[in-house]
Structure formats: structure tokens, C-alpha cells
Amino acid sequence: MKHPLVAALALTVIGTSAGAETLTVSTWGGSFRDLIDATIAKKFTEETGVEVEYITGGTIDRLNAARMNADSPESDVTFTTSHIGWLYQNAELFEELDMSKIPNAANLVEQAKISPGHIGAWAYVYTIGYRPDMLPEGIDFDSWEDLWSPELEASIAAPDFDPSHIIAVSAMLAGADAENWEAGQEKLMALKPNFKAFYTNDANSQQLISTGETPVQILLSMNAYHMQNEGVDIQLAIPSEGAVLGVDTMGITAGTEKAELAYQFINAALDPEVQAEIAKIKKGSPVVTGVELPAEVSELPGVFTTAEQWDSQTLIIPHALRAEKTAEWRKWFSENMIAN
């Protein structure tokens, strides 16, 4: 499974038969492209007869390509993360959405309404994953504060490509917020002895936790469930302050000549049955209400199906702020936490 934020994939076009009418979707490759194809695109093609082709690549690679091709867009619909979507929005690379053309968006949860140009497709959390069989007795994670336990010295891993989660958490524990993140720097520096490694991608994360080298990680919930399916004894905690919410989003590419089809595609994505299939496959949260999920999915930590769960179990970093601060946060984290 490739995480959405893992960039550096060359852009690839996966086409359909010559002559068929198509809609072009920009998305990540690998399992996320397959997810879209097996669920949203399947529904869309059933309803319209229009085939879907894909441009795949890393998050930042595709953003850069969209900027370069703004006058002649290569795709009609774009998938990206909520905060990177704000960079599309600010660069006028998304059409402003006419929600009256997306009937299924009537039940969209508030947390998935990101900007006038992009809305959620599915959601997940970054939270604490751990190997219960490899922790000192009595360790649990009722609060993010528990990561600071001296008993976890040299035990933790976190992503090196996106430190926004732990930066926002540290600011919160210091009595501030993500906008005033500097207030949490001292708190975060105090966590440094407990870090053992910083993983560079999902495969690296899986290797570190499956071998027990880092029995505690700040990680993507979908990856944790993928590892569970691979036989790794990993559990997820939802701290009392909430898990950091992530939303993968979709928007209509500015300048597309197929806007009406793009609206139909986005409407298909928000169909309750399609949302249920996405949740079953990826163990993420549907972004519309009224989705019926089997208990083995709905009861998983980090899968939200009620308004109370969305409100009480999520910690939200403002998406536009995150887009603005990500480079600054990565620089500080690299210089002060990763560097020896």
C-alpha cells in the first residue's frame, strides 16, 4: 500500500481502448488507483457508459504537473490530500464546485467540506499504533501524553516526510494550537529520546514495526489494518484528545471540457454503496452519513460512522494552515528532531 503523501512516482498514464469516450482522473498509483477503479469508476461507467483512464503519480509530482499544464489540463478530476488540495485551490487549479450537481453530497459530513473546490472522498486517521506484546507492562495510550513515558525510550517511529501530526499534538499538549506551533517545540524536543527511527515510506514503516525495532509508531490507520491482515500483531489507539484526521479529496480540474461528467464521477464517489465498498477495502471512514457497514469494519478504531465519533475522536489540523506550514514544519523537524 502506498501512502498518499509518498511522492516521487513518475507520472503514468493508464489508458483505455482507442475511440472510447473517457474521463481522465489524476490519482496516486498502486492500491489507491485500484481502489478508485474498482469502486467509483465502476459505478460511474455503469451509469454513463464512459470509461475512466488515469494519470498516476505522487502527490507533489501531480501538483507540479497540474501547475505546468494549467492552460491545457491533462485530467478532468483530481484526487489529492486535503491540505495539498488547498495548494490547487489557491492556484486556481480547481473549478468551484456547484453542489447542486452532486446530489449525494447532501449527506457529506462537515469535516469533509474542505474548500469551494475540493471535498472528501474517504477519511482516515494518523494515530498511535503499537505492538502490545512488545511493550513494558502497564503501558497504554489513553492520551497522546503517554508517548512521553520514559519507559518508551528508543521505541517510537514517525514519518519523516510529514511531521505535522506530532507537531500539532505537541502544540496542543503545550496549551497552544497548530497555528502557534512554536509553543510546542520544547514539548516535542522532550520526546526526542523516545524516537528510534523516522520511516521514509510505508514499506519502511511496516518493516520497523513487524520486526519490533520500533514497537510504537505514529502511523496511518489504513496501513495498520493492512499490516494486521498480513499477520502483524498491531493495535491502534484513539487518544482521548482525538486522532489526527486525514481526508483524501477530489476536485474538478479547472479548464476541463468534461465538467458535467466530472460531476457525475464525484457523485458516484459519494454514493452510499460505493462509500461502503471503499470502507470495506481500505478500512477508512465514509464521508457521507447513512452508510451501512459490517460490524467488523464499523467497530474498528479510526472508522467513524456517527456524528459523535467525528466530533469527539478527531483532532483536525486546519487544512489551509497545514498547506501553508508543511514546508516550514518539515524543515524544523528535520533540523531539530531527525538530525543528531
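**Isoleucine 119 and its surroundings**

Me: Which residues does isoleucine 119 touch, if we skip those up to four places away in sequence?
Reply: In this predicted model, isoleucine 119 touches Leu97, Met99, Ile102, Leu108, Ala112, Ile114, Asp248, Thr249, Met250, Ile266 and Leu270, with residues up to four places away in sequence not counted.

Me: And where is isoleucine 119 found?
Reply: Isoleucine 119 is found in strand β5, which covers residues 118-130.

Me: Is isoleucine 119 buried or exposed?
Reply: Isoleucine 119 counts as buried, because its relative accessible area is 2% and the cut-off for buried is under 20%.

Me: How many residues are in the largest nonpolar core, and which touch the most other members?
Reply: That core holds 103 residues, and those touching the most other members are Ile40, Phe79, Trp122, Phe141, Leu147 and Phe265. The largest share of this core, 9 residues, comes from β5.

Me: What about a second core?
Reply: There is a second, separate core of 5 residues, and among them are Leu63, Ile84, Tyr88 and Leu93.

Me: Back to isoleucine 40, then: what is it in contact with?
Reply: Leaving aside neighbours within four places in sequence, isoleucine 40 is in contact with Leu35, Phe79, Trp122, Phe265, Ala268, Ala269, Val274 and Ile278. Isoleucine 40 is also one of the α1 residues that meet α8, where the α8 side consists of Leu261, Gln264, Phe265, Ala268 and Ala269.

Me: How do the axes of α1 and α8 cross?
Reply: The axes of helix α1 (residues 30-48) and helix α8 (residues 259-269) come within 9 Å and cross at roughly 125°, which means that α1 is oblique to α8. The crossing of these two helices, α1 and α8, is right-handed.

Me: What kinds of residues make up the contact of α1 with α8?
Reply: The residues of that contact divide into 8 nonpolar, 2 polar and 2 charged.

Me: Changing topic, which residue has a positive phi of about 60°?
Reply: That is glutamate 92, which has this positive value although it is not a glycine, and its place is in the loop between α3 (82-90) and β5. Glutamate 92 counts as exposed because its relative accessibility is 65%, and the cut-off for exposed is over 50%.

Me: And what is the phi of alanine 154?
Reply: Alanine 154 has a positive phi near 55°, again in a residue other than glycine, and alanine 154 is found in the loop between β5 and β6 (156-159). With a relative accessible area of 35%, alanine 154 is partly exposed.

Conventions: Residues are numbered from 1 along each chain as its sequence is written. This is a predicted model: local features need pLDDT of at least 70, side-chain atom pairs count only at pLDDT 80 or more; totals for chains, interfaces and linings use all residues. Side-chain values use heavy atoms; hydrogens and water are left out. Helices (H or I, at least four residues) and strands (E, at least two) are DSSP runs, numbered from the N terminus. Buried means under 20% relative accessible area, exposed over 50%, partly exposed in between (1.4 Å probe, protein chains only). Contact means heavy atoms within 4.5 Å. A nonpolar core is a set of buried Ala, Val, Leu, Ile, Met, Phe, Trp, Tyr and Cys residues joined through side-chain atoms within 4.5 Å. Axes are lines fitted to C-alpha atoms, for helices over the stretch in contact, and angles run from 0 to 180 degrees between N-to-C directions. Angles under 35 degrees count as roughly parallel, over 145 as roughly antiparallel, 65 to 115 as roughly perpendicular and the rest as oblique. A crossing is left-handed if the near helix is turned anticlockwise from the far one by less than a right angle, and right-handed if clockwise. Ala, Val, Leu, Ile, Met, Phe, Trp, Tyr, Cys and Pro count as nonpolar, Asp, Glu, Lys and Arg as charged, and the others, Gly among them, as polar.
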